[in-house]
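Reader: Can you walk me through this one? I would like to go from the overall layout down to the strands.

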Amino acid sequence: MYKLILKLAWKNSFLRRSRTLLVIIMIAVSMSMMLAIEGIYDGMVENMVDKNKRSDSGDISIFAKEYRINKDLAYMIKNADEIKAQIENMQGAQAVVLRVKAEGLLSTARKSSFASVVGIDLQAEERFGKFSEFLKEGSIDLQKQGAIVGIELAKTLKVGVGSKVVFSTQDIRGEINSIALYVRAIVQTTNISLDNSAIFIDINQLHKFLGTDSKNAMQIAIRGEDKELYGKLKIAFANLDVKSFLELQPMIKQMQDLMIIFNSVTFLIVMGVVFIGIFGVMYVSILDRVREFGIMISVGMHYKYIRLQIFLESIVIGVLGYLSGAVLGAVLLTYLEHYGIDLSAFSDALATWGYEAVIYATIKVSYFTTTLGAIMAASIFSVIIPLRKIKKLNPIEVIKAEK
Amino acid sequence: MFKLAFKNILFYKGRSIATAVLTFVSTMLFILYISLQDGSHNSMLENSLKIYTGAIEIYRKDYRDIGGNEYLIQDVKAITDKLEKIDAIEEYSPRYETYGLLSNKEYSAASMVAGIEPNKEKLLSSLESALIEGSFLDEGSANCIYIGAELLKKLKLGIGDEVAFIGSASDGSFAADMFKVCGVFKTGSFEFDSSTSFVARSYFDELMNAKNRASYITLKLKNIEDADKVNEQIISMLDDENLESLTWKTLMKSMVEIMEIDAVFGYISLSLFMVVIFFVIMIYGFVNVSSRIKEFGVLRCIGLSKRNIFLLLFYEIALLSIFATLLATPIAAYICYYYNINPIVIDGIADMYKDYGIVSDEIPFDYNLFTIGWNVGVIYLLNFLSILYPYMYINSFRPIEATRHV
């Protein structure tokens, strides 16, 4: 019996071929567009999160209690090297780096700009966030007063690889001190604050320049996605300021939230309209066949079988639309994941605002599963009203009625 | 044909209601989405222009690309004498900008220190209205410094405190002086407030040896829409290939470009809704038409041409579209107008997006009748396109065949 109903449902789904095809195309086109848009927007935010973590805050960062309010040399983490070693031995910690930072004036013979000097250990940074991948020009080398400059800062000062720059700031004793540096590389981290103002030099050289103790640091950044690690660090270093990535980057947290809201609203609107589309076709398709259903009931077919047949018809259309949309969407997403959207014509503007010139999509299984759920729901709910009409039918009257 | 179309609309209520509702929703969505997008972009630009950037700025060539004292404007007066003759210019002022270190006993910070003409700046920028403490500069302010709130915080200074300045003068010599904090400003632009300070030119020129020299001359126009036209006039009047006159569109190129990109993404998102709605309207039209094949067959048999049938469908969709847009457009336009005057306020958004140059928590809508007009035009076009396939479908039947269609 069920086999027969399934066969009937399949055949009836294609009774009006053009109509069914239109609904399938509608689902496929809207679904694939929606998946591509979701993928691109998620890709943009994920890329930003990844680059920010790798270039700066990691998954967790630790500062001295007052440092984030008063970015002053007085507020350094004491014995940071020992703390680093301690964290490295903790479960879940994948990489740990120490950083020293100071704000000051970076000058060339012609131009000056405010800048933040960041003292780093290149090898540790490579393990931490593959620092060399940020390279745009030159070679990653901090030997002999070498410096690496953020791409926007380099543009502001009009410096290139080989240029000489002078960084001036107040040292630990309050004296204005200057250091001559040679630009060895230009990097683009897509972290706006670093690209706009950072100049990276060797951490030991910076300690020497600022007159600070080489055991101390401003920031301990930690990579490690273990959710328990944050809690453990909070307890272990209660006298320090332990912050998670999203606590340090509320803007990115808000961007993620906005993206979820935007994607959810888009999803609801699109699925709502898809529901109206399926409903329209199923409604007319069922009303066209009222006489047929009347005959079926008259010859003894139970209402539940008719209901099942109609549900199956709707699901067949929904599934075919979904499959076409999933294939089209997967093709689009795969293309966008590999080749992205090339906005090189606007690369300068994008770099200024912390975006890369090519925006790549991300692919998540949840895109497909949630859409499947929504299309199935839309297919099932779209036949509820027509089914109520069928249920109220008087078979004799329906058969007698003129077509 | 028009009468028949009207009767059909009333007869096929389901299709008519669905089409009208979808057209109404898409019109509202389109107008409000574009209005919000344009409004927030315009607001960002206006805020940035209001703070400090001029509608037009005149530079010596290569100052912006290479920089340095040799690319300063050397004879400001010769240029300003010419600018006086251009009626469209409301105000102009030469600015001298330099970077230096500001220090007190304990703290120091890099700052862009600009020499300005305080009385003219009152008209040119929002520096005076950004005052939050102390007083704005005047021509006799001597060594008073007008400092950004975030920079003041960094240096832990207060009104009346002294701060040392170290920099280099316009002739390359060492320049140092003690300034007295007289006023504090907060424009809302985090970068600007944390890195900029001002001194009256009458005093600063002496210190920097910058009399009759300037980094650039900034201009305010009577009507900013005339920027391109006035700029051409300035270029021809200056007639000096060592000078360049640039409008805000070039000066704020990165902001303009990022807004273009944002608009493109906005249109892509919007097109998704439009495509789905277009399909549904087309499906409803198709379903309606396919249940009326017999009727169209009869109409053709009694002498109606294909053109008449097209006209019939055209009138039907046109009437439904007119009804829906007449209802949606005034409502959407009123919402745009209301939120243009009373912008949506999201507390904390400016602080959150300070790195992106957002300076206000207010998000205004744009109220532009031309934009609303073309938005409605697009909806009409989509609705008219939606009848093409149903029309082709009807025409695939021969009249006699259509009359027998079941």
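**Domains, contacts and strands**

Author: Taken over C-alpha atoms, the centres of domain 1 of chain A and domain 2 of chain A are separated by 50 Å. Bear in mind that this is a predicted model.

Reader: Where are the domains of chain A divided?

Author: Domain 1 covers 2-52 + 252-400, and domain 2 covers 60-224.

Reader: How many residues of domain 1 of chain A are in contact with domain 2 of chain A?

Author: Eight residues of domain 1 of chain A are in contact with eight residues of domain 2 of chain A. On the domain 1 side, helix H2 (17-57) and helix H13 (347-352) of chain A each supply at least two residues. H2(A) provides the largest share of that side, three residues.

Reader: What about the contact between chain A and chain B, how many residues does it take?

Author: It takes 46 residues from chain A and 42 residues from chain B. On the chain A side, H10(A) gives the most, with 13 residues. That side divides into 24 nonpolar, 15 polar and seven charged residues.

Reader: Changing topic. Which residues have the most contacts inside the largest nonpolar core?

Author: A:Ile199 and A:Ile220, in a core of 125 residues. The largest share of this core, seven residues, comes from E2(A).

Reader: What is A:Ile199 in contact with, leaving aside its neighbours within four places in sequence?

Author: Its contacts include A:Leu106, A:Val117, A:Val149 and A:Phe167. There is also a second, separate core of 65 residues, which includes A:Phe293 and B:Phe273.

Reader: Now strand E6 of chain B. Which side chains are buried there?

Author: B:Val163, B:Phe165 and B:Gly167 point to one face and are buried.

Reader: How many bridges join strand E2 of chain B to E6(B)?

Author: Three, and this pair also runs antiparallel. B:Ser103 has B:Ala164 as its bridge partner in E6(B).

Key: Residues are numbered from 1 along each chain as its sequence is written. Chains are lettered from A and ligands numbered from 1 in the order in which they are written. This is a predicted model: local features need pLDDT of at least 70, side-chain atom pairs count only at pLDDT 80 or more; totals for chains, interfaces and linings use all residues. Domain bounds come from an automatic or database domain assignment. Two residues are in contact if their C-beta atoms, placed from the backbone, lie within 7 Å. Helices (H or I, at least four residues) and strands (E, at least two) are DSSP runs, numbered from the N terminus. Ala, Val, Leu, Ile, Met, Phe, Trp, Tyr, Cys and Pro count as nonpolar, Asp, Glu, Lys and Arg as charged, and the others, Gly among them, as polar. A nonpolar core is a set of buried Ala, Val, Leu, Ile, Met, Phe, Trp, Tyr and Cys residues joined through C-beta atoms within 7 Å. A residue is buried if 20 or more other C-beta atoms lie within 10 Å of its own, exposed if 12 or fewer, and partly exposed in between; C-beta atoms are placed from the backbone. Two strands pair if DSSP finds at least two bridges between them.
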